[in-house]
Amino acid sequence: MRRIAVINGPNLNLLGTREPDKYGFETLESINARLARLAAELDLKCEFFQSNSEGELVSAVQRAAETAGVILNAGAYTHYSIAIRDAIAAIRAPVVEVHISNVHSREEFRRVSVIAPVCAGIIAGFGSESYILALRALAAPRP
Ligand code: DQA
């Protein structure tokens, strides 16, 4: 069965209680459960990983090299981690950059994504639905 890696970075383990005005009330566990259900419908299997550490996220991206795709919310590392960018560039699997909030409507520093140029696409601003949209995007046939 085709595998999709779902990788979440720093502070996303706190979803549900973290700044709910920006990130909503849904927990990461609940989002992952919804992804797993949709994946089953799409004949895919999600594998979940979360870490607050940059190096662990680099390793998780490397491990995802042979998957059918990666859903990655790198959190704040999005804005400055060249190491995560290089890991994405090093693998063939398509990576979808995901954000719960619309990073472009927030502070100036969040408008910069160092990983965007090496990602297949970006989904931001749809709350926890951003993850669902990313899974549908990876499941859809690409030109
Ligand atoms: C985030 C946006 C980032 O700027 C922030 O550092 C996060 C969450 C989002 O999902 O909206 O941790 O990636």
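1. Helices (H or I, at least four residues) and strands (E, at least two residues) are taken here as DSSP runs, and they are numbered from the N terminus. Aspartate 43 has a positive phi of about 65° although it is not a glycine. Aspartate 43 is also exposed, with a relative accessible area of 54%, where exposed stands for over 50% relative accessible area, buried for under 20% and partly exposed for what lies in between (1.4 Å probe, protein chains only).

2. A word on the basis of this note: the model is predicted, local features need pLDDT of at least 70 and side-chain atom pairs count only at pLDDT 80 or more, whereas totals for chains, interfaces and linings use all residues. Residues are numbered from 1 along each chain as its sequence is written, and side-chain values use heavy atoms, with hydrogens and water left out.

3. Glutamate 19 belongs to the loop between E1 and helix H1 (20–23), and with a relative accessible area of 35% it is partly exposed.

4. Strand E1 (2–8) deserves a careful look, because 5 of its 7 residues are buried and it is therefore largely enclosed by the rest of the structure. E1 runs parallel to E2, to which 7 bridges join it, and E1 also runs parallel to strand E3 (residues 69–73), to which 5 bridges join it; two strands are said to pair if DSSP finds at least two bridges between them. Alanine 5 shows both pairings, for it stands opposite glutamate 47 in E2 and opposite valine 70 in E3.

5. Which residues of helix H3 (residues 54–63) are buried? They are Leu57, Val58, Ala60 and Val61. Seen down the axis of H3, these buried residues fall within an arc of 160°, so they line one face of the helix, the arc being that of the directions from the helix axis to the C-beta atoms. The partners against which the buried residues of H3 pack are strand E1 (2–8), strand E2 (44–50) and helix H4 (82–90), where contact means heavy atoms within 4.5 Å.

6. In H4, the buried residues are Ile84, Ala87 and Ile88. Seen down the axis of H4, they fall within an arc of 100°, so they too line one face of the helix. Ala89 and Ala90, on the other side of H4, are exposed. The buried residues of H4 pack against H3, E3 and strand E4 (95–99).

7. Serine 51 is found in the loop between E2 and H3, and at 3% relative accessibility it counts as buried. Leaving aside residues up to four places away in sequence, serine 51 touches Asn8, Gly9, Pro10, Glu56 and Leu57. With one of these, glutamate 56, the side chain of serine 51 makes a polar contact with the side chain (3.0 Å). A polar contact is a pair of N or O atoms within 3.5 Å; within protein, one must be able to donate a hydrogen and the other to accept it, and residues adjacent in sequence count only if both atoms are side-chain atoms.

8. Glutamate 97 lies in strand E4, and it is buried, with a relative accessible area of 3%. What does the side chain of glutamate 97 join by a polar contact of 3.0 Å? The partner is the side chain of serine 113. Apart from residues up to four places away in sequence, glutamate 97 touches several others, among them Leu72, Thr78, Ile115 and Cys119. Glutamate 97 and alanine 134 are 37 residues apart in sequence, and their C-alpha atoms are 8.2 Å apart in space.

9. The residues around the ligand include Arg18, Tyr23, Gly75, His99, Ser101 and Arg110, where being near means that a heavy atom of the residue lies within 4 Å of the molecule. A polar side-chain atom of asparagine 73 lies 2.8 Å from an oxygen atom of the ligand, and a polar side-chain atom of histidine 79 lies 2.7 Å from an oxygen atom of the ligand. For isoleucine 100, a backbone N or O atom lies 2.7 Å from an oxygen atom of the ligand. The protein covers 98% of the 320 Å² of accessible area that the ligand has on its own, with accessible areas coming from the Shrake-Rupley method with a 1.4 Å probe and, for residues, only the protein chains shown counting as cover.
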